[in-house]
Amino acid sequence: MLRQWLVVASVVGLNAPVWAGDGDKVLQQVDQKANAPSDTWFSFTAVTQEPGKAERTMKFEVQNKGERRLVQFSEPSDMKGTRVLVLSRTQMWVYLPAYRKVRRVASHVKQQGFMGTTYSDEDMSTTQFGAIYDAQIIADAEAEVNLQLVPREGMETSYGKVEMTVRKDLMLPSQLRFFNRDGALIKTEVRDQYDCADSVCTPGRLKMTDHSRSDAWTVLEATERRVNQGVSDGLFSVRNLERGR
């Protein structure tokens, strides 16, 4: 009888979900799932709405590989040819075709809206939360687990904390709530319409609402995606950014 109990206990232990006690392990799984492909490419339509203003629509392509990201705008006409290169959370450049020059984005403007959207430069350059935040489980339901993320010691971030709702079926976020240093909720992002083709799950729609800007919002709709194309590391360089390759 004791042997049977030990066998059952060991099986239960092997199959127990990691969210039973360790928020950092849950966040690690989220990061692993979100960054599972060796590279991804998306075509996005972005619509931004601010109270009292007309909607603004942009179209752009995003090539991702690890921390690196290359964004190329095709619409509207005044942004066509604009390109943004992200090498890490602290290294970002923009190519402005009107000036035919590459400029580095200063760190003190990383919280400003990315190209007029409600996504900041910091939001656009964050690919792994576990490298920035410690995680603690604050709620555990049948279909989802809620994490509270606080900045790791020595890490620079604009947020005092982040609350992340993780879908247990995908181990990917369905909602993120961003708080400032005073504990006030300043942004909410919803990620849904996940596409899980090719054993890779990515959100087809993302919406960021900025509560500090009278609930202005930006919706990103993924119109096309490609994964694991074997993209060269050489694509992500300042020289290629200027050349438009």
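**Group meeting: interior, disulfide and salt bridges**

The lining of the largest cavity divides into 7 nonpolar residues, 1 polar and no charged; here Ala, Val, Leu, Ile, Met, Phe, Trp, Tyr, Cys and Pro count as nonpolar, Asp, Glu, Lys and Arg as charged, and the others, Gly among them, as polar. This is a predicted model, where local features need pLDDT of at least 70, side-chain atom pairs count only at pLDDT 80 or more, and totals for chains, interfaces and linings use all residues. Residues are numbered from 1 along each chain as its sequence is written, and side-chain values use heavy atoms, with hydrogens and water left out.

I will stay with the cavity. A cavity is a set of points, on a 1 Å grid over the protein atoms alone, where a 1.4 Å probe fits but cannot get out, and its lining residues have an atom within 4 Å of a point. Grid points are joined across faces, edges and corners, and the volume is the space filled by probe spheres set on the points. The count is 1 cavity of 30 Å³ or more, and the largest has a volume of about 40 Å³. Its lining is made up of Ala46, Met58, Phe60, Phe114, Thr117, Tyr119, Met124 and Leu220.

Next, the core. A nonpolar core is a set of buried Ala, Val, Leu, Ile, Met, Phe, Trp, Tyr and Cys residues joined through side-chain atoms within 4.5 Å. Buried means under 20% relative accessible area, exposed over 50%, and partly exposed in between, with a 1.4 Å probe and protein chains only. The largest nonpolar core has 38 residues, and Phe60, Phe73, Val84, Leu147, Leu149 and Met164 have the most contacts inside it. Another core lies apart from it, with 7 residues, among them Leu70, Leu85, Val231 and Phe236.

Now the disulfide, a pair of cysteine sulfur atoms within 2.5 Å. Cys196 and Cys201 form one, with the sulfur atoms 2.1 Å apart. The torsion about their S-S bond is about 120 degrees, so this disulfide is right-handed. Cys196 is partly exposed at 38% relative accessibility, while Cys201 is buried at 15%.

Last, salt bridges: a side-chain nitrogen of Lys or Arg within 4 Å of a carboxyl oxygen of Asp or Glu. The structure holds 17. Asp169 and Arg167 meet at 2.6 Å, N to O; Asp169 is exposed at 54%, and Arg167 is partly exposed at 28%. Glu163 pairs with Lys161, the closest N and O atoms being 3.6 Å apart. Glu163 is buried, at 15%, whereas Lys161 is partly exposed, at 22%.

How values were computed. On a 1 Å grid over the protein atoms alone, a cavity is a set of points where a 1.4 Å probe fits but cannot get out, and a pocket is an open set with protein on both sides within 12 Å along at least five of seven lines; lining residues have an atom within 4 Å of a point.
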